[in-house]
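Me: Hi! I have a model open and would like to talk through a few of its details. Could you help me look around?

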Amino acid sequence: MNDNHKHHSRLDLEEIWDQVPPDYYQNGIKRNFLQYFWHTRKLKSIIDIVDIEPNNILDVGCASGWFLSEISLVYPKAKCTGVDVYKKAIDYGKKTYKKLKLVQADAHNLPFKKNSFDLVICTEVLEHVVDPEKVLGEIKRVLTNDGIAIVEMDSGNFLFKAVWYLWTNARNGVWHHSHIYQFNAKKLERMIEKNGFAIAQKKSFNFSMAVAFNLKLKNKI
């Protein structure tokens, strides 16, 4: 664990999670144009760089399952599983998406066997966890040898930082202090390669405020 993050207790993290309503994505996308634009563009960009027809999909940090539910429409034959530590979101998702398997668990210790999924998706999650390298290690562990991982987050550029500041302060604290680990695209690339992945594809979107990577195990590219 990075020394800068040891002060984050479980209680601190739960207070951050509780800022966000369980139906944040479902209602936000319906009612807020910026959320609709951001997340629908993210969905399209992720789908664009998936270069396999997956059988077993895992969404790490799935929240209440909106993104995974959209992915399941693209790959209707795939078994779709989501995991998130925020119980209220998982409970809401279970009621909303009956065809998804949603599990409350910590991404630092995924409750799945080795080589369980041929597509692992992790979008806008690593910046919210205490130990992103441990989470990447867990993604690597549960990924099949010929599978792919899609990792996406903000690029950390100036435009994103300005928008993020306005967004968090204009919404009465939603996501306030939620970026535990400060990333930019170059730092993320270094971490990805350090942890046994090779970058097969890279895609910037949302005016270069976000970046997505198609990752394969280093010995498989």
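**A chat about the fold**

Reply: Happy to! Let's begin with Glu189, which lies in helix 8. Keep in mind that this is a predicted model.

Me: Which residues is Glu189 in contact with, leaving aside its neighbours within four places in sequence?
Reply: They are Ile199, Lys202 and Phe213. With Lys202 there is also a polar contact between the two side chains, at 2.6 Å.

Me: And how many residues apart in sequence are Glu189 and Lys202?
Reply: They are 13 residues apart in sequence, and their C-alpha atoms are 9.9 Å apart in space.

Me: Let's move on to the strands. In what sense do strand 6 and strand 7 pair?
Reply: Antiparallel, over 8 bridges. Strand 6 covers residues 197-205 and strand 7 covers residues 210-217. As an example of the pairing, Ala198 has Lys216 in strand 7 as its bridge partner.

Me: How many residues sit between strand 6 and strand 7 in the hairpin?
Reply: There are 4 residues between them, and Asn206 in the turn has a positive phi of about 50 degrees.

Me: What about Asn195, where is its place?
Reply: Asn195 is in the loop between helix 8 (185-194) and strand 6.

Me: Buried or exposed, that Asn195?
Reply: Asn195 counts as buried because its relative accessibility is 16%, and the cut-off for buried is under 20%.

Me: So what does Asn195 touch, not counting residues up to four places away in sequence?
Reply: Glu133, Leu136 and Lys140. The Asn195 side chain makes a polar contact with the side chain of Glu133, at 3.3 Å.

Me: Switching to aromatics: how many aromatic pairs are there?
Reply: The count comes to 2 aromatic pairs. One of them is Phe112 with Phe117, whose ring centres are 5.2 Å apart.

Me: Why is the pair of Phe112 and Phe117 edge-to-face?
Reply: Because their planes are at 85 degrees, and planes over 60 degrees apart count as edge-to-face.

Me: Which residue lies over the face of Phe67?
Reply: That's Lys42, at 5.0 Å from the ring centre. Phe67 belongs to helix 4 (residues 66-74), and it is among the buried residues there, along with Trp66, Leu68, Ser69, Ile71 and Ser72.

Me: Let's zoom out. How many helices and strands does the chain have?
Reply: The secondary structure comes to 8 helices and 7 strands. Of the 221 residues, 53% count as buried.

Me: Last one: among contacts between residues at least 6 apart in sequence, what percentage join residues at least 24 apart?
Reply: That comes to 70% for this chain.

How values were computed:
Residues are numbered from 1 along each chain as its sequence is written. This is a predicted model: local features need pLDDT of at least 70, side-chain atom pairs count only at pLDDT 80 or more; totals for chains, interfaces and linings use all residues. Side-chain values use heavy atoms; hydrogens and water are left out. Two strands pair if DSSP finds at least two bridges between them. Helices (H or I, at least four residues) and strands (E, at least two) are DSSP runs, numbered from the N terminus. Rings of Phe, Tyr and Trp (its six-membered ring) pair if their centres lie within 6.5 Å; planes under 30 degrees apart count as stacked, over 60 as edge-to-face and the rest as tilted. A charge sits over a ring if NZ of Lys or CZ of Arg is within 6 Å of the ring centre and within 35 degrees of the ring normal. Buried means under 20% relative accessible area, exposed over 50%, partly exposed in between (1.4 Å probe, protein chains only). A polar contact is a pair of N or O atoms within 3.5 Å; within protein, one must be able to donate a hydrogen and the other to accept it, and residues adjacent in sequence count only if both atoms are side-chain atoms. Contact means heavy atoms within 4.5 Å.
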